[in-house]
Amino acid sequence: MSISTRLDESSGPHEAPNFPLRVVDGLTLPADYRKALRPGEDWKDSNGFSRQLPRYFYEVPSWDSAMKVELATHFLLWEFVQVDVRESPVLRTFPRYVPCAITLLAVCLERFREAVGTFVHISANGGYRSPTHRFSKNATPHAWGTAANIYRIGDTYLDNRNAIERFSLIARQTLPGIWTRPYGTPTGYAEDHLHLDLGYVLSVPRDVKS
Amino acid sequence: MTSKGAAAPSAKTAGESTPRDRALRSQIERIEKESGAKAIAVALHDSESGFELHYNADRWFHAASTIKVPILLGVFAAIDRGELLPHSRVHVRNRFLSVVESVPFRVESGRDANSAVHNAIGKMMRVDELAYHMITTSSNLATNLLLGVIGPESVTETLRQLRVDDGIDLKRGVEDELAFEKGISNMVTANGLLRILVMLAEGKAFSPALSRRMMDILHGQEFNQGIPARLPKAARVAHKTGEISTVAHDAGVVYLPKRKPYSLVVLTEWDPNVSGRSRTIASISHMIYEMLTQKAQAAE
């Protein structure tokens, strides 16, 4: 298969069993999408280290499908793709594209949900957001689909030190290798949500030949 | 803050002391004296007769929530430019940065009359919903969210382009206590707000359709103790109030049956513990209503 073509046009060997979303090579997308998603490009993080952006995405054809697709038992796709007016206009309409690593994040959150024993709510702009989202100043794992901002767990709003640090500890104890933002107000800290991420993980579907 | 020589309405009666003008001024002076207010400003433009009144109308006051009218204009400017749609979604997040050293602050839910926006924290609301809450229940959270999307400089530029920037000085969002303590506040004059209201009432803000949408939002105002309080039931008022410890304002367009509307701004300044603010605004509004409609009755 050429890397410059979409990986699958219908159900077939490239599609994960029981997973309804098509994998798309970001480099084959129209120019306006490539400009917004910057597939495979390098992007520097806040420390000046270069990180490679995701190149392979799941294509989300409609909001209806985002509402239906389960990424994990208690997490539907729509929860990871809620973005507001700060996202690039082309990425606010459908079809939308999310990095393939989003499924890894969902599995981690499912594990976290089991540990806390109640609902875990991802905030708007708190799942996947593109590198051209207005919040994306430096390379952030949100643009890899591997970060989540959690604003509420059960009936607890994570808007204070006690709640954030309590659930941050549970996340770190439950999910090996997870990184959580410390509580605080300066840049790099969080005071009104729990940020957790897996780092700059690239997920390349096994049928991709490059 | 100096006069920038902005546009309509012209102060065509300023300096022209007619009997009606003198009578009104005299009555406002009396109300001002009896109320205990530190200062009162009134600006009036009657589209029916062309009559105008400008009483202390270029004096600057802390804007309080009347600044939300210029912000509404800024939001609709972004809609007019196609940068926003009425149904564009905005992340409801209660975290803002002060204009003083970018120190984070929150809007206290207990100080916000509106709970709908606070209940949506973490989720998203539409631009038109936020605009509605910003005006009708004066939601400070909605105001700061919208200002965060469009930016204060965008509002200022909109006012300048529409030539209604004279008398409006937008410096920051609301509830920025650190800025308040440093003396950095949004300021307005009665004439400044009047120019915006007249433009809206005449359908000249961007387009008649967008002007009408803004007026519809102003018509939804839920705080009606000021300008509308002593008007007849048939009166419809599209308006915005504003109140903090030292000021109480109301600015609106009054629609009465069988006549063109009039635009009225009443700004008042008080010592913190003095009461009777809304009553004072209502008295001035009623007095102006009486004056404008008596003339019409006399002519009939």
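At what angle do helix α2 and helix α4 of chain B pack, and how far apart are their axes? I looked this up in a predicted model, where local features need pLDDT of at least 70, side-chain atom pairs count only at pLDDT 80 or more, and totals for chains, interfaces and linings use all residues. Residues are numbered from 1 along each chain as written, with chains lettered from A and ligands numbered from 1 in written order.

**Helix pair.** I find α2 (residues 68-80) and α4 (residues 127-136) of chain B at about 165°, axes 10 Å apart. Helices are DSSP runs of H or I, at least four residues, and strands are runs of E, at least two. Axes are lines fitted to C-alpha atoms over the stretch in contact, with angles from 0 to 180 degrees between N-to-C directions. The angle therefore makes α2(B) roughly antiparallel to α4(B) (over 145 degrees).

**Helix contact.** I listed B:Lys68, B:Leu72 and B:Val75 from α2(B) against B:Val127, B:Ala131, B:Met134 and B:Ile135 from α4(B). Contact means C-beta atoms, placed from the backbone, within 7 Å. By class I get six nonpolar, no polar and one charged residues. Nonpolar covers Ala, Val, Leu, Ile, Met, Phe, Trp, Tyr, Cys and Pro; charged covers Asp, Glu, Lys and Arg; the others, Gly among them, are polar.

**Sheet.** In chain B I traced an open, antiparallel sheet of three strands, ordered β3-β9-β8. Pairing requires at least two DSSP bridges. β3 (61-62) and β8 (168-169) are the edge strands, each pairing on one side only. Two bridges join β8(B) to β9 (residues 187-188). B:Ile168 stands opposite B:Val188.

**Interface.** I see twelve residues of chain A in contact with 14 of chain B. The chain A side divides into three nonpolar, five polar and four charged.

Terms used
Parallel < 35°, antiparallel > 145°, perpendicular 65-115°, else oblique. Contact = placed C-beta atoms within 7 Å.
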